[in-house]
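Please keep the sequence and the structure at hand while reading.

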Amino acid sequence: MESKTFWECNKAYILTALGLGVVGFVFVGFLMIMDWGYLIQYTMHALIGDTSGVLTAPASELEQMINAAFGPAYNTVAPEIIRASNERQEYIWYVFFAEIMIFVFLYIKNGRVTPTITRPNDTVQVLTSFQRAVIWLNIGMISILVLTGFNITWGLRSEGGDIPRILREFHELTGLAWIAVWLVFTVIAAKDMKGWRKNSTFRHFLPGSFKPSKRVIWFFYAAMGAALCFSGAMIITLHPSSLTHADVIQFRRVLLYLHFGASVLIMFFILDFVYASAVSVKGYLKGLWSGSYPREYLEQVAPDVLDDLKKAGRQ
Amino acid sequence: MSRMKFYCDDYRCIDCNGCVVACKEAHEIPVGVNRRRVITINEGIEGKQKSLSVACMHCSDAPCQKVCPTDCFYIRTDGIVLHDKDKCIGCGYCLYACPFGAPQFGHEGIFGVKGVMDKCTFCAGGPDETLSENEFEHYGQNRIAEGKIPMCASMCSTKALIAGDASEVDKIYEYRTAKRGDNTSLKPYGWEAYNNGK
Ligand code: HEM
Ligand code: SF4
Ligand code: SF4
């Protein structure tokens, strides 16, 4: 067997790290107005259970009163929230446009793979009904979350009112329900857990193995999903009353920022899913719905899936 | 130009919560929403206990207005910051941006998710027709239209909380501090002092 170079093995990871590194550097270095020193120290305090943001004992009565009434260090996180929520309205279009252009470029470069099917009736059951239920619930809920979430971002265009408000409330509720679906999907799509394949629980895991580029997508889905679920659920749970305001407001600011960031990052990987399932290979989406693919389809575009099914005795 | 402001004198506030009750009563505010609250530090420590009544400060350059995605805030010519509940989607961003924790949310939406924002109106109602039933239901009394000062300040038993045109409020503040011999009017006070490192 030909041995691959380090670059060939890790190309997807290196390119993703480089891309995110460059975007992150420009963003953090030139666009954000966050007090990073405070944020890091604050996160450590929050991890041990103190979300108030009071990192040093107040030096004066005025400071003590501010800490008690409004929470400290207003200027460390809030200005960034103000900047981000304003600029999101204006500039996210360009981010999405650039992301879509990447896929247009991929399409122009690679075209659409069309497997040759001569025996359409010779099909193989690849996905169980449980797996399909999870996949389609995931697709449905993410679509709702994206629409109802960005409905908030672009409130200026809708000009608010009852419908955008109900959509936003629906975002909260769908978000809470999605936590379970995100978790189950993350587990069933963890294809690299070879050990699992030996026992009968294998049938719950999606067959096939990840290529590095797809592993990156899975990783991002899991990580950004975790960030969205954690921040969203905490924002809902830690809703301050007039008495608890000072204890939680700084933490909520950080959480909202996390939600902002993760929602934009996950979009790229959601778009990748749309591209991979609906554009790059003909017939992929149909199989996601019916659960079975023609044998020839699998032989040509997904031999690893066929292999796995054989190993598991499902073939 | 006139600008309506609140001022709470921490030498006088006795943590009676009369302002909070007056506000809730006047505007029929639901449980869980407090347009005004009283904060106390060093409770029970003689000579050190201090209380302050806080609500929306009707900021000149209001951060809530800057951040609202539906642009539902407006600032009246007299400086009172109001918002339109028919536009508000209850996202809560004004709460993240507000330095004073003024925006409030009751849990009234579908399945008890948080509803639209409510905050102190300086007793000036809202964008609905002045003194209409709708205005009362959405925003509470419009005492400013009736030529009165906000309910909280008018009910304050020690007159710690005062409200009105900034220049008038300032005169009372200067008079009181001079009388106490603090002479603090010459020093920066409040946010300015805090931001300049005291
Ligand atoms: C694919 C998943 C998700 C996406 C793409 C997404 C997207 C968004 C976006 C775009 C916003 C508005 C931010 C802005 O103003 O620009 C938002 C706000 C919010 N999201 Fe999500 N979100 C997702 C999942 C979740 C989950 C799982 C939860 C809860 C468990 C949640 C709860 C919230 C909350 C609480 C807000 C703040 C506004 C509010 O209080 O309603 N989201 N989300
Ligand atoms: S809600 Fe907060 S930010 Fe807005 S005017 Fe009132 S105090 Fe200022
Ligand atoms: S909760 Fe309402 S008033 Fe506050 S920022 Fe959102 S839409 Fe604007």
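## Helices α8 and α9 of chain A

In chain A, helix α8 passes helix α9 in a left-handed crossing. This is a predicted model, and in it the axes of α8(A), which covers residues 212-237, and α9(A) come within 8 Å and cross at roughly 145°. When the residues of this contact are sorted by class, 19 are nonpolar, five are polar and three are charged.

## Helices α2 and α9 of chain A

Two packed helices are described by the angle between their axes and the distance between the axes. For helix α2 (residues 36-47) and helix α9 (residues 245-280) of chain A, the axes come within 11 Å and cross at roughly 115°, and α2(A) and α9(A) are therefore roughly perpendicular to each other. Here, too, the crossing of α2(A) past α9(A) is left-handed.

Which residues meet where α2(A) and α9(A) are in contact? From α2(A) come A:Y38, A:L39, A:Y42 and A:A46, and they meet A:Q250, A:F251 and A:V254 of α9(A). The residues of this contact comprise six nonpolar, one polar and no charged.

## Helix α3 of chain A

Helix α3 of chain A spans residues 61-69, and its buried residues are A:E63, A:M65, A:I66, A:N67 and A:A69. Just after α3(A), the residue A:G71 adopts a positive phi of about 90°.

## Around ligand 2

There are 13 residues around ligand 2, and those that come nearest are B:C56, B:M57, B:C59, B:C64 and B:C98. By class, the shell around ligand 2 consists of 11 nonpolar residues, one polar and one charged.

Technical notes. Residues numbered from 1 in each chain as written. Chains lettered and ligands numbered in written order. Predicted model: local features only at pLDDT ≥ 70, side-chain atom pairs only at ≥ 80, totals over all residues. Heavy atoms only, no water. Buried < 20%, exposed > 50% of the residue type's maximum accessible area, 1.4 Å probe, protein only. Helix = DSSP H or I, 4+ residues; strand = E, 2+ residues; numbered from the N terminus. Near = heavy atom within 4 Å. Nonpolar A, V, L, I, M, F, W, Y, C, P; charged D, E, K, R; others polar. Axes fitted to C-alpha atoms, helices over the stretch in contact; angles between N-to-C directions. Parallel < 35°, antiparallel > 145°, perpendicular 65-115°, else oblique. Left-handed = near helix turned anticlockwise from the far one by under 90°. Contact = heavy atoms within 4.5 Å.
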